Amino acid sequence: MSVDPSGLESERHLLERSGTAERVAAILRQYITDGVFAPGERLSEPVISSALGVSRNTLRESFQLLAHERLAVHELNRGVFVRELTTEDIEDLYVVRRATECGALRRAAELSTVDLLPVEQALRDGRSAAVAEDWSAVGTASIHFHQALADLAGSERISATMRQVLAETRLFFVLNDNTREFYEPFLDCHEQILRDLRRGRFEVAEAALDRYLRDAEALLLALSEPGAVANTTVNERGTR
């Protein structure tokens, strides 16, 4: 996939105060989360360093950070690539997701108030993308929805953990076609979780979220098998 560097150029303003490797890594992580950089894609040093206006050394430091987060891999004499994940990665990431997201809802239940606006906005974005039949954008809205759930805990460490985990999760989406059948069930599940949160039914929302994540793990494990995408029916896919 060829990435238009003009998109990265628009991110330069984020580096005005601090042109650090951490900030560059955050931008690239977001591009992975949003599906701009696909699994197996080479991250071109000349293109990215020029687009962001940073040195090769700074960019290489950011690549090291992404490699530490298991989002990128360095291949000798070939360059740096977005990581491709295994079935073991899927299983482990969903262990982390259940612990992090469900734990965030338990913490949110202890707080006097929670801000559901980002959760609601993510659902609206998903609905709008579905109307436009932009199913990849529905997937991006789903990522934002789950980040917003984690943010309800009010913990920067939980939020940061979730950002990394969701960036890895996005790498799984390459396993499926960008179709209505795959993505549309996201929205009804999100609606159910949000409805329970609005009513203060955090335990019910947590239970729904746990089922959602277990279904998603089972689906992605099935899709990771050779020929699984072509053979998976809508009913088998269930919810994400």
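Thr 86 is partly exposed, with a relative accessible area of 36%. The value falls between the cut-offs of 20% for buried and 50% for exposed, so Thr 86 belongs to the middle class. This residue sits in the loop between strand 2 (79-82) and helix 5. Its C-alpha atom is 8.0 Å from that of Ser 224, although 138 residues separate the two along the chain.

The model is predicted.

## Overall make-up

The protein has 240 residues, and 47% of them count as buried. Its secondary structure comprises 12 helices and 2 strands. What is the order of the elements from the N terminus on? It runs α-α-α-α-β-β-α-α-α-α-α-α-α-α.

## Helix 7

Helix 7 covers residues 135-151, 17 residues in total. From first C-alpha to last it reaches 24 Å. That is close to the 24 Å expected at 1.5 Å a residue.

Is helix 7 enclosed or open to the outside? Of its 17 residues, 13 are buried, so helix 7 is largely enclosed by the rest of the structure. Helix 7 also gives two or more residues to the lining of the largest pocket, described below.

## Salt bridges

Side chains of opposite charge can pair when their charged atoms come close. The structure holds 17 salt bridges. Three of them are described here, each with its place in the fold.

Arg 56 pairs with Glu 45, with 3.4 Å between the closest N and O atoms. Arg 56 is in helix 4 (residues 56-68) and Glu 45 in helix 3 (residues 45-52), and the two are 11 residues apart. Arg 56 has a relative accessibility of 36%, so it counts as partly exposed. Glu 45 has a relative accessible area of 18%, so it counts as buried. Both residues also belong to a salt-bridge network that includes Arg 60.

## Bridges across longer stretches of sequence

Arg 98 forms a salt bridge with Glu 217, and the closest N and O atoms are 2.8 Å apart. Arg 98 lies in helix 5 (residues 87-110) and Glu 217 in helix 10 (residues 202-223), so this pair ties together parts 119 residues apart in sequence. Are these two partners buried or exposed? Arg 98 is buried, and so is Glu 217.

Arg 198 is bridged to Glu 120, with the closest N and O atoms 3.2 Å apart. Arg 198 lies in helix 9 (residues 180-198) and Glu 120 in helix 6 (residues 117-131), so the pair joins parts 78 residues apart in sequence. Arg 198 counts as partly exposed because its relative accessibility is 49%. Glu 120 is buried, at a relative accessible area of 15%.

## The largest pocket

The largest pocket holds about 290 Å³ of space. It is lined by 16 residues, and Ala 26, Arg 29, Gln 30, Thr 33 and Arg 163 are the closest to its centre. Helix 2 (21-33), helix 7 and helix 8 (156-172) are the elements that give two or more residues to this lining. Which of them gives the most? Helix 2 does, with 7 residues.

By class, the lining of the largest pocket has 7 nonpolar, 4 polar and 5 charged residues. At least three lining residues come from each of domain 1 (14-82) and domain 2 (87-224).

## The second largest pocket

The second largest pocket holds about 220 Å³ of space. How many residues line this pocket? There are 13, and Glu 45, Arg 60, Phe 63, His 74 and Val 80 lie nearest its centre. Glu 45 and Arg 60 belong to the salt-bridge network with Arg 56.

Helix 4, strand 1 (72-75) and strand 2 each give two or more residues to the lining of the second largest pocket. Helix 4 gives the most, with 4 residues. The lining divides into 6 nonpolar, 3 polar and 4 charged residues.

Conventions
Residues are numbered from 1 along each chain as its sequence is written. This is a predicted model: local features need pLDDT of at least 70, side-chain atom pairs count only at pLDDT 80 or more; totals for chains, interfaces and linings use all residues. Side-chain values use heavy atoms; hydrogens and water are left out. The expected span of a helix is 1.5 Å times one less than its number of residues. Buried means under 20% relative accessible area, exposed over 50%, partly exposed in between (1.4 Å probe, protein chains only). A salt bridge is a side-chain nitrogen of Lys or Arg within 4 Å of a carboxyl oxygen of Asp or Glu. On a 1 Å grid over the protein atoms alone, a cavity is a set of points where a 1.4 Å probe fits but cannot get out, and a pocket is an open set with protein on both sides within 12 Å along at least five of seven lines; lining residues have an atom within 4 Å of a point. Grid points are joined across faces, edges and corners, and a volume is the space filled by probe spheres set on the points. Ala, Val, Leu, Ile, Met, Phe, Trp, Tyr, Cys and Pro count as nonpolar, Asp, Glu, Lys and Arg as charged, and the others, Gly among them, as polar. Domain bounds come from an automatic or database domain assignment.
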